[in-house]
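Open the structure in your viewer and keep the sequence panel beside it. This tour moves from one selection to the next.

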Amino acid sequence: MKLPRYLQIALAASVLLCLWSVFSTPEPQPQEERLLVQGRPAIVASSSHTRTTTAVTNSVNLFPFQGLTVEPPQRAASSPAPEVAMTSAPPLPFQISGAWWERQQRALVLTNGERQWVICRQCRARDKIWTGDILEHNWQLVEVGADFLTIRWLPQRHDQRLALGDMTFKPKF
């Protein structure tokens, strides 16, 4: 296989530039390496000894955490008795993924990411549910409102509302 003249020239120039960059760089001086641990002073390691200093870095976190920050609970140092934490109901694992209207009745599709349920009163959908039915282990559908669903966490009988958002009225096309 014969290469065209312009590719031969480009290849030769690339090889020469690579060799020049390898052999023309000066030998690096032994520098101190900074080992950073988040929230702690930096440990500076050199060839002769190890010392601890406070590092000031000019780095930027390209992928900062964008979720809600949770502050640790503050405990009183003077209270000798441990506090008994009340367990609260977990957040709703459900969300509304869709809705449709048939025969002047709204049917909602509720999902937990793995399974789906159809919420309707008189539709012919398989596995349909209505108020009083158990959705999943420890969750029960209590009320179907015009713009919300009320779902109960059974171990504590704690009710939580799930807003329907724009699934409250039939869209007009």
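Start with strand β5, which gives the second largest pocket three lining residues, the most from any element. Keep in mind that this is a predicted model.

**Stop 1: the pocket**

Select W100, E102, R103, Q105, R106, A107, C120, Q122, C123, R124 and A125; these residues line the second largest pocket. The space inside is about 180 Å³. Which strands each supply at least two residues of this lining? They are β4 and β5. Now colour the lining by class. Five of its residues are nonpolar, two are polar and four are charged.

**Stop 2: the whole chain**

Zoom out and show the cartoon. Follow the chain along its sequence: the pattern is α-β-β-β-β-β-β-β-β-β-β-β. Next, colour by accessibility. Of the 173 residues in the protein chain, 19% are buried. Contacts are worth a look too. Take those with a separation of 6 or more: residues 24 or more positions apart account for 26% of them.

**Stop 3: the four-stranded sheet**

Go back to the strands around β5. Select β4, β5, β6 and β7. They make an open sheet, in the order β4-β5-β6-β7, and the pairing is mixed. Which strands lie at the edges? Select residues 95–102 for β4 and 128–129 for β7; each of these edge strands pairs on one side only.

- Select E102 and look across to Q105 in β5, which stands opposite.
- β5 and β6: select residues 105–111 and 116–119. Here, too, the pairing is antiparallel, over four bridges. L108 has I119 of β6 as its bridge partner. T111 faces Q116, also in β6.
- β6 and β7: these two run parallel and are joined by two bridges. Select I119 again; in β7 its bridge partner is I129.

Move to Q104, in the loop between β4 and β5. Q104 is not a glycine, yet its phi is positive, at about 60°. Most residues other than glycine have a negative phi. Is Q104 buried or exposed? Its relative accessible area is 78%, so Q104 counts as exposed.

Now select β5 and β6. They also form a hairpin, with four residues between them. Click on G113 in the turn: its phi is positive, about 100°.

**Stop 4: the salt bridges**

How many salt bridges does a search of the whole structure find? It finds two. Side chains of opposite charge can pair when their charged atoms come close.

Show the side chains of R103 and E102. They meet in a salt bridge, 3.9 Å from N to O. R103 is exposed, with 63% relative accessible area. E102 is partly exposed, at 42%. Both residues also belong to the lining of the second largest pocket.

Then select R152 and D159. Their side chains meet in a salt bridge as well, at 2.7 Å from N to O. Is R152 buried or exposed? R152 has a relative accessibility of 16%, so it counts as buried; the cut-off for buried is under 20%. D159 is partly exposed, with a relative accessible area of 36%.

**Stop 5: one more loop**

Finish at N138. Look for N138 in the loop between β8 (134–136) and β9 (139–144). This residue is not a glycine, and its phi is positive, near 75°. N138 has a relative accessibility of 23%, so it counts as partly exposed.

Methods. Residues numbered from 1 in each chain as written. Predicted model: local features only at pLDDT ≥ 70, side-chain atom pairs only at ≥ 80, totals over all residues. Heavy atoms only, no water. Pairing = 2+ DSSP bridges. 1 Å grid on protein atoms, 1.4 Å probe; cavity = no way out; pocket = protein on both sides within 12 Å on 5 of 7 lines; lining within 4 Å. Points joined across faces, edges and corners; volume = space filled by probe spheres on them. Nonpolar A, V, L, I, M, F, W, Y, C, P; charged D, E, K, R; others polar. Salt bridge = Lys/Arg side-chain N within 4 Å of Asp/Glu carboxyl O. Buried < 20%, exposed > 50% of the residue type's maximum accessible area, 1.4 Å probe, protein only. Contact = heavy atoms within 4.5 Å.
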